[in-house]
Amino acid sequence: MITNLLVANRGEIARRVFRTCRRLGIATTAVYADPDADAPHTREADSAVRLPGAAPADTYLRADLLVRAALAAGADAVHPGYGFLSENAEFAQAVLDAGLVWVGPPPAAIAAMGSKTEAKRRMAAAGVPVLAAVTAPTEADLPLLVKAAAGGGGRGMRVVHRLAELEQELAAARAEAAKAFGSDEVFCERYLPTGRHIEVQLLADTHGTVWAVGERDCSLQRRHQKVIEEAPAPGLDEELRTGLHTAAVAAARAIGYTGAGTAEFLLGPDGRFHFLEMNTRLQVEHPVTECVTGLDLVALQLRVAEGEPLPAPQPPAPRGHAIEARLYAEDPAHDWQPQTGTLHRLELPDTTVEFGTAPGDTGLRLDSGVEPGSTIGIHYDPMLAKVIAWAPTRAAAARRLADALTRARIHGPVTNRELLTAALRHPAFRSGRVHTAFLTEHAAELLPAPKPDPLPALAAALADAAARRAGRALPSGWRNLPSQPQTKRYTDLHGTEYEVRYRFTRDGLVADAHPGTALVLATPDRVVLDVDGRRLGYDLAVHGAQVHVDSCTGATVLTALDRFPDPAAHSDPGALLAPMPGTVVRTAAAPGDAVTAGQPLLWLEAMKMEHRVTAPADGVLAELRVAPGQQVELGTLLAVIHPAAPPTA
């Protein structure tokens, strides 16, 4: 029997495992790097062991430190979570060698699936359809997908549309894979841009039972990383579903698999599926399976690790539909750049449960590793939360999830919330026409040009006036005689400026640009306006220089502008600033080089991914202010580009 479990991970997966342990009466031990000293997972565990340092390579990726922490804390078992060392056979063996219980598959099974190239060979031998690797690419093989052999999660992956780009993309993929997985082995396979990513949840015990616990569709992706997942996969007939489940079970049996795992397949437009890889761990998206089956997959992992059989020959059949959206601190409108900063608020109204399932055929689940006050830094994945809705039908689940995201109050770094809601409401998604290029194909509709809305700025100005007039006899802007209106200026995250002009008369609010608008209520944190007979409510919160305005129509972030702006405040048009904090990985140009718009100049590593920084226009690289290995903050001057000299006559 497991009595004390160390989770060799952080964030929401650590909290998720702790929840099950509390229900089962198992003591918990956390590990934490220095940036996580006050993180929720650190505080929630019964005990916690510090891993000195900040970067994952010095902390969560140190197998020796993790085993030492488990022994020091008196733990008798280790759960790896997902990511980090969860699919590292050497770590699993080290845990077992220390006399601890490993909550996962045997090291030999992890090793068998650890290399995608070796996994493909084994699966082909077991009769599982595979997508063959391309060893000598030609024009006929394009487009190609370069993949890391030792890991996934979008790291070390590149799409190649021209053979001339192959060597450059191979080098970039090798560098990223080496940092993420400790191996620079990569391979190529055919890229199916409109394929579907279907995976089968597996559970296997040491008594010969293997469950295929339904399948999930994880096709909505950006940078080859999943964004929206659902169970069951829409539009599969029973023959195809049975074929996927049978192939997944065959894959598990071929390597003597036990515990929880996932067999991933690519479903082509022709209706044929091919094995991609096996994730020898619990998946990020496991909540959708839990919500449609009522199973606690973590509890079943622990049961198998203790040597117990699965509770039945077959798993329960899925009921209803569940959809998960990953809420990331990133800016989809600017190449998905990760965002950093303080998370001031994360509220999801009408949440049914956190980190688990609840009775009823409809509900809303929140799994998050952060809380108000958390700092979103550069060392870890920028996911803030997973929001999961379940309902009797797919349409009902999608509607519930989109509404929950719209009503959520998220104050802090920019997020992908608007893209998620747009995708969930898109006609193609509602009809089940999903594939891995969905977000790219529908980018113009999912990321439309922002439409200026002056009403949130008016609400912000009125709330500001309400805050300032506390204790005054007359409201700010009120005059017994006609006078100049009060003026307030704001800018939103898109750079749109709003000038609000208003005054109060005996008849109430008069806002010059808003005829037909009356004030119903104004407090420092709540404004209600009547616009042509329709009442609209706005909730407001001020965090530093930013004003967050939430309403039923969406969220707006404003910054108050000085009444008399500094005319000297401007930036050099040729200055190239760091779009995010990170570490310079490599450079591709030198001062004096002629560059063209879109040409890569350097790469930044942030949040476990490499981000390309390109020339904004044609010109000459006049200055390069950074070098590989250098850490930079948001807004750091990276380079200066001067316009090319005009040709002489």
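The exercises below, each followed by a worked solution, go through parts of a predicted model. Residues are numbered from 1 along each chain as its sequence is written, and side-chain values use heavy atoms, with hydrogens and water left out. Because the model is predicted, local features need pLDDT of at least 70 and side-chain atom pairs count only at pLDDT 80 or more, while totals for chains, interfaces and linings use all residues.

**Exercise 1. Work out the strand order of the open sheet of three strands, and find its edge strands.**

Step 1. The order is 7-6-8, and the pairing is antiparallel. The edges are strand 7 (158-160) and strand 8 (186-190), each of which pairs on one side only.

Step 2. Neighbouring strands of this sheet are turned by 30 degrees against each other on average, direction ignored, where axes are lines fitted to C-alpha atoms, for helices over the stretch in contact, and angles run from 0 to 180 degrees between N-to-C directions.

Step 3. Strand 6 (residues 144-148) is joined to strand 7 by three bridges in the antiparallel sense, and the partner of Leu-144 in strand 7 is Val-160. Helix 6, residues 116-125, lies across strand 6 and strand 8, at about 50 degrees to strand 8.

**Exercise 2. Identify the buried residues of helix 3 and the elements they pack against.**

Step 1. Buried means under 20% relative accessible area, exposed over 50%, and partly exposed in between, with a 1.4 Å probe and protein chains only. In helix 3 (residues 63-73), Leu-65, Leu-66, Val-67, Ala-69 and Ala-70 are buried.

Step 2. These buried residues pack (contact means heavy atoms within 4.5 Å) against strand 1, strand 2, strand 3, strand 4 and helix 4. Just after helix 3 comes Gly-74, with a positive phi of about 80 degrees.

**Exercise 3. Classify the aromatic pair of Tyr-60 and Phe-84 and that of Phe-91 and Trp-102.**

Step 1. Rings of Phe, Tyr and Trp (its six-membered ring) pair if their centres lie within 6.5 Å; planes under 30 degrees apart count as stacked, over 60 as edge-to-face and the rest as tilted. The whole structure holds six such pairs.

Step 2. Tyr-60 and Phe-84 are stacked, at 5.1 Å centre to centre with 15 degrees between the planes, and they lie 24 residues apart in the chain. Tyr-60 counts as buried because its relative accessibility is 0%.

Step 3. Phe-91 and Trp-102 have ring centres 5.5 Å apart and planes at 85 degrees, so this pair is edge-to-face. Phe-91 belongs to helix 4 and Trp-102 to strand 5; Trp-102 is buried, with a relative accessible area of 6%.

Conventions:
Two strands pair if DSSP finds at least two bridges between them. Helices (H or I, at least four residues) and strands (E, at least two) are DSSP runs, numbered from the N terminus.
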